[in-house]
Amino acid sequence: MKEKKLKLTPQRLAVYQYLKSTNEHPSAETIYKALQPNYPTMSLATVYKTLKTLVEIGLVQEINIGEGNFRYDGNCSEHGHIQCINCGKVDDLCDMDFSPLNKMVEENTNYKVKWNKLFFYGLCKDCQ
Ligand SMILES: [Zn+2]
Ligand SMILES: [Zn+2]
């Protein structure tokens, strides 16, 4: 934040710390509800604005889960995601190397691939 000349407001810190503490990939509404007890004056609009700032400076990853819905991730390393089509939960795909896909795309297009964002859909253990 200091690097980007941004004020480290209590709200920004709270949203960031919440995202760092979970791997549930919460929506803005979920973050808002979770922070309500400790930050009763923080509005949903503030949460949205704070998330936008955190995404812009690269501290938080925004995941588009389709139909205009977004989830947020405090883990900014390159990793894939899988979503349950029944309950909507989103899990990380860690320790899986999807970089061979970049090569495959390069071989079939005239692009130089910089990164990929992979999203898989399925049924989680509880929903199967
Ligand atoms: Zn599920
Ligand atoms: Zn993730």
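What share of the contacts in the protein chain with a separation of 6 or more comes from residues 24 or more positions apart? The share is 50%. Keep in mind as you look around that this is a predicted model. Its protein chain has 128 residues, with 4 helices and 5 strands, and the domain assignment divides it into domain 1 and domain 2.

**Confidence**
- Averaged over the protein chain, the pLDDT is 92, and 100% of the residues reach at least 70.
- Among the elements, helix α2 (residues 28-35) has the highest mean pLDDT, at 97.
- At the other end is strand β1 (residues 61-66), whose mean pLDDT of 88 is the lowest among the elements.

**Overall layout**
- If you trace the chain along its sequence, the elements come in the order α-α-α-β-β-β-β-α-β.
- The C-alpha trace spans about 50 × 40 × 25 Å along its principal axes.
- Buried residues make up 13% of the 128 in the chain.

**Two domains**
- Domain 1 covers 10-73, and domain 2 covers 80-122.
- Their C-alpha centres are 23 Å apart.
- Where the domains touch, domain 1 contributes 5 residues and domain 2 contributes 4 residues.
- On the domain 1 side of this contact you will find 2 nonpolar, 2 polar and 1 charged residues.

**Two residues with positive phi**
- As background for this pair, most residues other than glycine have a negative phi.
- H25 has a positive phi, near 55°, although it is a residue other than glycine.
- To find H25, go to the loop between α1 (10-21) and α2.
- Is H25 buried or exposed? H25 is buried, because 23 other C-beta atoms lie within 10 Å and the cut-off for a buried residue is 20 or more.
- D95 is also a residue other than glycine with a positive phi, and its value is near 55°.
- The place to look for D95 is the loop between β4 (90-93) and α4 (99-108).
- D95 counts as exposed because it has 6 other C-beta atoms within 10 Å, and a residue with 12 or fewer is exposed.

Notes. Residues numbered from 1 in each chain as written. Chains lettered and ligands numbered in written order. Predicted model: local features only at pLDDT ≥ 70, side-chain atom pairs only at ≥ 80, totals over all residues. pLDDT = per-residue confidence, 0-100. Contact = placed C-beta atoms within 7 Å. Domains from an automatic or database assignment. Nonpolar A, V, L, I, M, F, W, Y, C, P; charged D, E, K, R; others polar.
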